[in-house]
Amino acid sequence: MSGGTGTAPDVAAEAARRRTFAVISHPDAGKSTLTEALALHAAAIEQAGAVHGKSGRRGVRSDWMDMERARGISITSSVLRFEYGEVLLNLLDTPGHADFSEDTYRVLAAVDGAIMLLDSARGLEAQTLKLFDVCRHRGIPVITFVNKWDRPGREPLELLDEVEQRIGLRPAPLNWPVGVAGDFRGLIERDGGAFTRFRRTPGGATRAIAEHVPAEQAAEEEGEAWSTAVEELALLDEIGAALDPDAFAAGTATPVLFGAALPNFGVSALLDTVCRLAPAPSARVDDTGTERPVAAPFAGQVFKVQAGMDRAHRDRLAFVRVCSGRFERGMSLTHARTGRPLATKYAQTVFGRDRSTLDAAYPGDVIGLPNAAGLTVGDTLYVRTPVVFPPIPAFAPEHFMVARATDNSRAKQFRRGIDQLDGEGVVQVLRSDLRGDQAPVLAAVGPLQFDVVTARMAEEFGAPVELTRLDYSTARVTDKESAETLSGRRGVEVLTRSLDGALIAVFVDKWRLRALEREHPGITLTRMLAAG
Ligand code: GDP
């Protein structure tokens with residue numbers, strides 16, 4: 001085993017300057033645009049301070065796009081990493097759009113904070129709500145960014161109200177828009193009252209011009225828009241909408257910022273807020289309830305296993321979030337579940353243009369371990385002092401299919417493929433004696449997960465499958481006694497989840513579920529996370 005322990009103060013200082021976060025939003029709210037704007041902004045700042053600066057902008061953009069291209073299918077998530085002053089930001093990408101699945105949720109197991117991105121015209125939308133549910137469950141502090149203020153949208157007070165009423169988060173605006181959405185004049189900082197004017201660049205280019213304008217001048221030039229904003233600010237002060245840091249840390253309050261990612265307006269304020277308020281990595285609680293401090297020897301948790309990222313190599317990459325200690329490439333880690341050693345000679349970074357080798361990593365960082373056969377989502381890796389982190393919860397599936405090999409002579413490959421996809425968390429695999437081993441039920445949060453199964457079973461495992469839809473739409477965790485009560489009832493079936501042996505009851509619809517709950521008040525039916 002190589003040493004690589006680092007001294008404790010070093011590790012603590014490195015952890016303290018990291019911010020590991022994700023953006024949660026509904027498709028089209030502007031996540032990609034904002035991600036790029038944040039990275040560009042940070043890069044531009046870095047460039048300004050660098051002696052041999054060439055255009056940092058192109059660099060970040062092309063990295064991001066190459067990465068997308070290299071990945072081929074957009075079911076992956078990677079890490080965008082950038083330095084901003086003293087702070088090192090790890091922005092974990094969550095797959096968006098129709099690929100929405102458990103993958104997105106799992107990324108949230110690896111972050112310390114999140115930006116909740118809202119479209120100013122749409123407010124809270126379905127996927128934002130589901131993702132927020134995960135944040136709440138994991139106690140992840142959330143910073144809210146109301147985007148697209150350059151376009152017609154809703155009233156700011158109405159949006160704040162929606163956040164408070166629908167998800168119970170107490171909003172604390174850090175800045176306030178002057179001019180209604182669509183006739184956006186600029187932003188007033190609540191603390192200190194500085195005004196930054198928003199001006200489109202002449203000729204309709206996308207970047208806005210931001211200029212600082214003294215309040216008196218702004219009052220004169222912006223007229224009614226200004227006085228309305230000032231009145232609203234007074235109202236906010238009256239109702240005490242100030243940020244309570246403890247409530248933010250506890251996930252019951254959210255700082256709110258307004259802006260527009262596309263013209264890059266209000267993005268620097270957001271970046272500053274992430275650096276200032278988002279939590280740094282801190283001690284992680286293990287499965288006995290004991291905290292493992294960031295300065296303890298290395299420990300990390302697998303939050304994602306990705307196959308086929310590099311098609312030429314057919315590899316399988318385990319993404320590990322560093323929870324404590326200094327990681328050095330070449331270290332021999334212990335795989336907590338099996339007790340076996342794991343070599344890390346080929347550890348990689350999972351960001352940037354290429355997957356380059358990685359030499360050291362600290363709490364909050366993400367490392368990629370290629371060809372890590374046997375690693376599954378939730379597994380703990382450590383050096384020296386043993387630790388097991390609690391499993392990453394499985395999420396409530398809403399789509400169910402029976403899988404069968406189309407060619408019976410491929411039964412072995414079928415079994416191996418299904419087990420592998422189960423371990424990666426592509427789908428949850430549910431079995432029962434009644435259905436038998438050759439016809440497992442696959443459960444998914446998003447239907448696109450099944451397309452991945454079909455493609456990979458055929459191409460990667462040489463066992464083409466036929467999937468048949470089951471009429472279930474909702475699932476609950478149950479116990480043995482309740483399973484007996486449910487057995488033989490119409491519209492419900494109890495299956496065993498392969499990965500952890502949990503008993504899962506699946507129901508045709510919520511009515512059936514509620515009717516059974518009413519009929520048998522003592523029955524155990526536990527909601528899974530983000531249940532639909
Ligand atoms: P994602 O699906 O959340 O990643 O959203 P995208 O970043 O792809 O943005 C969706 C659409 O909204 C694109 O056409 C963007 O150009 C546009 N968009 C994003 N941010 C803004 C903004 O601040 N203002 C305006 N007007 N359009 C925006």
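The model is predicted.

**Helix α6**

- Helix α6 covers residues 156–167, twelve residues in total.
- At 1.5 Å a residue, α6 should span 16 Å, and its end C-alpha atoms are 17 Å apart, so the two values agree.
- Which residues of α6 are buried? They are Pro-156, Leu-159, Leu-160 and Val-163.
- The face of α6 turned away from the buried side carries the exposed residues Glu-158, Gln-165 and Arg-166.

**The ligand shell**

- The shell around the ligand holds 16 residues.
- Gly-30, Lys-31, Thr-33, Ala-260 and Leu-262 come nearest to the ligand.
- Helix α2 (residues 31–49) gives the largest share of the shell, with three residues.
- By type, the shell residues divide into five nonpolar, six polar and five charged.

**Ala-396**

- Where is Ala-396 found? It lies in the loop between β21 (380–382) and β22 (399–405).
- Is Ala-396 buried or exposed? Ala-396 has 22 C-beta neighbours inside 10 Å, so it counts as buried; the cut-off for buried is 20 or more.
- Ala-396 and Phe-507 are 111 residues apart in sequence. In space, their C-alpha atoms are 12 Å apart.

How values were computed: Residues numbered from 1 in each chain as written. Predicted model: local features only at pLDDT ≥ 70, side-chain atom pairs only at ≥ 80, totals over all residues. Helix = DSSP H or I, 4+ residues; strand = E, 2+ residues; numbered from the N terminus. Buried ≥ 20, exposed ≤ 12 C-beta atoms within 10 Å, placed from the backbone. Near = placed C-beta within 6 Å. Nonpolar A, V, L, I, M, F, W, Y, C, P; charged D, E, K, R; others polar. Expected span 1.5 Å × (residues − 1).
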